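This briefing is meant to be read with the sequence and the coordinates side by side.

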Amino acid sequence: MNFYKAKDYQDMSRKAAAIVSAQIILKPDCVLGLATGSSPVGLYERLVEQYRSGDLDFSQITSVNLDEYKGLGPDHEQSYRKFMDSHLFDHVNIDKARTFVPDGLEEDSEKECARYDSIVEKTGGVDLQLLGLGNNGHIGFNEPGDSFAYGTHCVELTKSTIEANKRFFASEDEVPKFAYTMGIGNIMHARKILLIVSGKAKAQALKDALQGPVTPQLPASILQLHQNVFVVADEEAAQLL
Ligand code: F6R
C-alpha cells in the first residue's frame, strides 16, 4: 500500500489529481472507475483545469461509476449521473456514450445488476478505481455486513449513510433508501485503486481500514489485500494512524 499524507483537502485533491492524470497520460484509452460525494469534487476540478490548459485529453477514456441511488433518474439533482455530468463530464472532451453509471430508474434489481456487471466486464477491466471512504468504512455503497458482496448488487443504505448523505437533500426523508453499487469483487479487480480521505470524521474508519482486521464489518479493510493501492489522506483523516 502506498500512503501519501496531504496537508488538507486542497492538497489531497492536488495529489490525487496528479495520480489520475498520470494514469490518463500513460494510458490515454484507460478505464477509470469513478466515485461521487464530497471527497472527489476538488480532484475533478483539477482534472477540468488540466483539460482546459491542454494537458489532459479524455477523448479515449471509458468510465464506470461505482454506484447510483435506486429510484433517481439522470435528471434528478442528486443522482450520481447528474453529479458526474456537472462536476466532470460536461467540462471535458469525454465521449458520454462511454461513461457508465448504474440505471437508478431500473426497478428490476437483478436485471440492472447483471447488466452493469456485464458492462464492467466488457470494458476489459478498470485500470484505476477511485474510492472515497464512508464514515462507517463503506466503499461504493458496500455497507458493513456479514459478508463481502462480489458483484453489482442492490443495497439498503444504513442509517449512518442516510444521516451522512442527507446534507445533499431537502430532508432526511428524501434520501433514497436503496442504491445500486459495484461489489467488492468488482472493486478488487481494478488494476490500481486510489482511495482519497479527508476530515476528522473519517479518522477512525481510515485507521480501521488500514490497520485493523480485514472484515466485512469494515468493508474498506479488504483493500489491505489488494496489490496496488494508493491512499491520499489529509492530516485530519490520518490523525489516528
Ligand atoms: C460515492 C461512494 C461513496 C462515497 C463515500 C464518501 O460514489 O461510492 O462510497 O465515496 O460515502 O462520501 P463523501 O466523499 O461525500 O464523504
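In this predicted model, a polar atom of the side chain of His-153 lies 2.8 Å from the backbone oxygen of Gly-151. His-153 is found in strand β7 and, with a relative accessibility of 18%, counts as buried. The points below start from the surroundings of this histidine and move on to other parts of the chain.

**Around His-153 and the cysteines**

- Leaving aside residues up to four places away in sequence, His-153 touches Cys-113, Asn-142, Ala-179, Tyr-180, Thr-181, Met-182 and Gly-183.
- The count of disulfides comes to zero, and Cys-113, one of the residues that His-153 touches, is accordingly in no disulfide, the nearest cysteine sulfur being that of Cys-154 at 6.3 Å.

**Aromatic pairs and their cluster**

- A search of the whole structure finds seven aromatic pairs, among them the tilted pair of Tyr-69 and Tyr-80, with 4.8 Å centre to centre and 45° between the planes.
- This pair links distant parts of the chain, with Tyr-69 in strand β4 (residues 67-69) and Tyr-80 in helix α3 (residues 80-87), eleven residues apart, and both tyrosines are buried.
- Tyr-80 also forms an aromatic pair with Phe-141, and this pair is stacked, with 6.0 Å centre to centre and 20° between the planes.
- Tyr-69, Tyr-80 and Phe-141 belong, together with Phe-169, to one aromatic cluster.

**Helix α3 and what covers it**

- The buried residues of α3 are Tyr-80, Arg-81, Phe-83, Met-84 and Asp-85.
- What covers these buried residues includes the strands β2, β3, β4 and β5, along with the helices α2 (41-52) and α5 (159-165).

**The sheet**

- Seven strands make up an open sheet with parallel pairing, in the order β1-β10-β9-β6-β2-β3-β5.
- Strands β1 (2-6) and β5 (99-100) stand at the edges of this sheet with a single partner strand each, so one side of each is left without a neighbour in the sheet.
- Within the sheet, strand β2 (residues 31-34) pairs in the parallel sense with strand β6 (residues 128-131) over two bridges, and the bridge partner of Gly-33 in β6 is Gln-129.
- Helix α4 (residues 109-122) packs on the sheet, where it touches β3 (62-65) and β5, and the direction of α4 makes about 150° with that of β3.

Notes
Residues are numbered from 1 along each chain as its sequence is written. This is a predicted model: local features need pLDDT of at least 70, side-chain atom pairs count only at pLDDT 80 or more; totals for chains, interfaces and linings use all residues. Side-chain values use heavy atoms; hydrogens and water are left out. Two strands pair if DSSP finds at least two bridges between them. Helices (H or I, at least four residues) and strands (E, at least two) are DSSP runs, numbered from the N terminus. Contact means heavy atoms within 4.5 Å. Axes are lines fitted to C-alpha atoms, for helices over the stretch in contact, and angles run from 0 to 180 degrees between N-to-C directions. A disulfide is a pair of cysteine sulfur atoms within 2.5 Å. Rings of Phe, Tyr and Trp (its six-membered ring) pair if their centres lie within 6.5 Å; planes under 30 degrees apart count as stacked, over 60 as edge-to-face and the rest as tilted. Buried means under 20% relative accessible area, exposed over 50%, partly exposed in between (1.4 Å probe, protein chains only). A polar contact is a pair of N or O atoms within 3.5 Å; within protein, one must be able to donate a hydrogen and the other to accept it, and residues adjacent in sequence count only if both atoms are side-chain atoms.
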